[in-house]
Amino acid sequence: MLAIISLIISAFSGIAAIFAILGYWGNKPELIQFMETNNDSYVSATEGQISYIGDDGKTYYLPSGIMVHYQFLNPSPKDIAFFHLNFIVNGNITEAFTERSVITQVKKPSFLFFDLLKSYIIQFPKDPQGVFPANSLTPIYAFLPLEAIPVPKKVTFSIRFAIRKFPYIGKRNHYQTFEHTVYLNDYEMITRSNRAVMKQLRQSGPHTLKSNKITSKNRKRKN
């Protein structure tokens, strides 16, 4: 009889362990990125292609730069925090453009991107940190102004998100990093071409927004 009871207890313990494992994997945070990450997967944006309306009613235009676009799916039942939304340029960290970059012109900006064929609304992150909501798909548009610096050969977009990685102990294992490097071989040629088209289409001079480049020199990315 005792052997049978012991067997039953062991069976229930095994079933409980299986349910615990299934529950863990079902609630395990996960982030899936869908867009292409080729080394030429970026948009060359000429000054005038990205605009917004300021609180003063005027139209403002972002300067020339590059824009990358990603789609992050969070299929887990919990929000996932992200932070350090930036670009790495020549070994230096440059904060990506966000809504806060134009806070002096407008409190709640809505950006319009004109790709020379059609216009559509894009939304930049509010801050360099935020969350990927649970059970949702979140687009990330990241813009890097290049009008004030020599055009680099390559640029790396980087974002960190709060999902632990093996061996799960230590501060650096409490988050993971998504990085995407693009090479700007054709950037200047495309920008010149776009600029010529925009010059023909523009009817009035833009209120060009000067970029605020936040660069931490000699700070190398450490994974």
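Student: Which strand is joined to strand S3 (residues 50-53) by 2 bridges?

Tutor: Strands here are DSSP runs of E, at least two residues, numbered from the N terminus, and two strands pair if DSSP finds at least two bridges between them. This is a predicted model, where local features need pLDDT of at least 70, side-chain atom pairs count only at pLDDT 80 or more, and totals for chains, interfaces and linings use all residues. Residues are numbered from 1 along each chain as its sequence is written, and side-chain values use heavy atoms, with hydrogens and water left out. Ile50 has Phe113 as its bridge partner, and the antiparallel partner strand of S3 is S8 (residues 111-114).

Student: Which residue takes a positive phi in the hairpin of S3 and S4?

Tutor: S3 and S4 (residues 59-61) run antiparallel, joined by 3 bridges, and Ile53 stands opposite Thr59. The hairpin has 5 residues between the strands, and the one with phi near 85° is Gly57.

Student: Why is the pair of Phe87 and Phe157 edge-to-face?

Tutor: Rings of Phe, Tyr and Trp (its six-membered ring) pair if their centres lie within 6.5 Å; planes under 30 degrees apart count as stacked, over 60 as edge-to-face and the rest as tilted. A search of the whole structure finds 17 aromatic pairs. In this one the ring centres are 5.6 Å apart, and the pair is edge-to-face because the planes of Phe87 and Phe157 stand at 65°.

Student: Are Phe87 and Phe157 buried or exposed?

Tutor: Buried means under 20% relative accessible area, exposed over 50%, partly exposed in between (1.4 Å probe, protein chains only). By that rule, Phe87 and Phe157 are both buried.

Note on methods. Helices (H or I, at least four residues) and strands (E, at least two) are DSSP runs, numbered from the N terminus.
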